[in-house]
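Notebook open, model loaded. I'm jotting down what I look up as I go.

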Amino acid sequence: MYNKTEDIELRLLLEAIYRRYHYDFRGYSMASVKRRLTQAQERFDCRSFSMLQDRVLHDPTLLPELLSFLTVQVSELFRDPSYFKAIREQVVPHLRTYPSLKVWVAGCSAGEELYSLAILMREEGLEDRTMFYGTDINPDALRRAEAGVFDLERMSLFTENHRRSGGKSSLSDYYTAGYGAAVFDKSLRRRAVFSDHSLVTDTVFAEVQLVSCRNVLIYFDRELQDRAVGLFKDSLIRKGFLGLGAKESLRFSQHADAFTEFSRESRIYQKRGTA
Amino acid sequence: MSTSSVEAVVIGASAGALEALSAFLPTLPKDYALPVMIVVHLPPDKNSVMADLLKSKCKIDVREAEDKEPIRAATVYLAPPDYHLLVEPDKRLSLSSDDPVHFSRPSIDVLFESAADAYGPGLVGLVLTGGSSDGANGLRAVHQAGGQALVQDPATANVPLMPQSALEACPSARVMSLPEITTFLNHLVQPA
């Protein structure tokens, strides 16, 4: 293989991050991790991954920024409007039958997905009986999610997404604009808990009716994907729902049998009553 | 000069892509001995008809790439709209929703650089028509890893900027017309 040395250095760097800080990226898709760490290497003026390893082992203050290189994703409110439309039109009628609801957004990053679901549930009159859990491994992302502040210039895209998702209100009802930022209404996160949780190393923490985990599994290798989906399976009640990204599926998962395809087009799965 | 045999082909195309790809993909046999991974810049309205269009014209199997699927010969994999397509070191495909590169997702550079890592000298990289500089860094990476770098002759390209940029970044790339590309790809693998 081309440049084997760099490959060795990459593996050793991930091992070092794991042993020193207990963040485990060893089961991530290596091609993406390498791209991201190459950017980090440039940012920290390091000539090699070995040099970056030396820096991060001896200087814990580097860790937060390095974590951001490795984990942060810029998403959108109501990204893939057809997904939210399917949740609204097909999943919500089932959710209505429960007296209380728990929704888990796994890998919530800066909270775009959780705010989208909170708005949707308010529009559908289910907000008052719902608890939202947003989890991520990046403390900085969790802080941003908690703050609920997004770039004002992205609001036209988010507004259009929301409209196409079948939104029943105006997105501008939910934020105040000022100083180039859109600050989302605090009441939207009244029933939200943002917390540190790793799909790689942590376990089940709640019994939920809906898990939304989109464009997270593509960053994992097969084995880790199986672990995460197993966690979702064990967290979901019978007949609970799992929403994945537009190009993710359970087709090759070892847990495929525990789910049925609820909406093939929107990548929404339902846990079997017998699983 | 490398003597290792070719294991895979990666192609990047933007404006004018369908016409250029239609010139040679339909000539590849159903049992073509290599996998072909392609990034085409598409308007981000997410509903790709490119795979269906090409599929209807080709003998070789054409499909949209799926995350973590093992790469197989005699298959053309297209990057899905709004996702980067990468090759993992274990020769599986993976998708990512990382930020656009050169305003593009999928990006040609992302595919070419990851494929260069995975295949090294066993890779052929080809940059076709387009109005972007995406693919230039990627083609250089293919060349630096010992692979073969090709560009569509800018003089014959529908939009010359992209092959031109690739040629500037990778001056040793071979310049070919579409008929030459057709011959080249069909003769990459000699019958045993």
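Where is A:Gly148 found? I traced chain A and found A:Gly148 in the loop between helix 7 and strand 3 (149-151). Helices (H or I, at least four residues) and strands (E, at least two) are DSSP runs here, numbered from the N terminus.

Ground rules before going on. This is a predicted model, where local features need pLDDT of at least 70 and side-chain atom pairs count only at pLDDT 80 or more, while totals for chains, interfaces and linings use all residues. Residues are numbered from 1 along each chain as its sequence is written, and chains are lettered from A and ligands numbered from 1 in the order in which they are written.

**Entry: A:Gly148**

I checked burial. A:Gly148 counts as buried because it has 22 C-beta neighbours inside 10 Å. The cut-offs: a residue is buried with 20 or more other C-beta atoms within 10 Å of its own, exposed with 12 or fewer, and partly exposed in between, with C-beta atoms placed from the backbone. Leaving out residues up to four places away in sequence, A:Gly148 touches A:Gly111, A:Tyr115, A:Val183, A:Phe184, A:Leu188 and A:Arg189. Contact is C-beta to C-beta within 7 Å, those atoms again being placed from the backbone. I also took one distance: A:Gln41 is 107 residues from A:Gly148 in sequence and 30 Å from it in space, C-alpha to C-alpha.

**Entry: helices of chain A**

The arc is that of the directions from the helix axis to the C-beta atoms.

Helix 8 (residues 155-164) of chain A has A:Phe158, A:Asn161 and A:His162 buried. Those fall within an arc of 100° seen down the axis, so they line one face of helix 8 of chain A. Their packing partner is helix 5 (81-95) of chain A. After helix 8 of chain A comes A:Gly166, with a positive phi near 90°.

**Entry: chain B overall**

I count six helices and nine strands in chain B. Its radius of gyration is 15 Å, close to the 16 Å of the globule rule for 192 residues, so chain B is as compact as a globular protein of that length. That radius is taken over C-alpha atoms, and the rule is 2.2 Å times the number of residues to the power 0.38. Buried residues make up 55% of the 192.

**Entry: the sheet in chain B**

What is the strand order of the open sheet of seven strands in chain B? I read 3-4-2-1-7-8-9, with parallel pairing. Two strands pair if DSSP finds at least two bridges between them. Strand 3 (61-64) and strand 9 (174-176) of chain B are the edges, each pairing on one side only.

Strand 1 (residues 8-13) and strand 7 (residues 123-127) of chain B pair in the parallel sense over five bridges; B:Val9 has B:Val124 as its bridge partner in strand 7. Strand 7 also runs parallel to strand 8 of chain B, joined by four bridges, and B:Leu126 is bridged to B:Leu150.

Strand 8 (residues 148-152) of chain B has five of five residues buried, so it is largely enclosed by the rest of the structure. Its faces are B:Gln148, B:Leu150 and B:Gln152 on one side and B:Ala149 and B:Val151 on the other.

- The peptide bond joining B:Arg105 and B:Pro106 is cis, omega about 10°; B:Pro106 lies in the loop between strand 6 and helix 3 of chain B.
- A:Asp45 is not a glycine, yet has a positive phi of about 55°. A:Asp45 has 9 C-beta neighbours inside 10 Å, so it counts as exposed.
- B:Ala74 also is not a glycine, and its phi is positive, about 60°. With 16 C-beta neighbours inside 10 Å, B:Ala74 counts as partly exposed.

Terms used
Contact = placed C-beta atoms within 7 Å.
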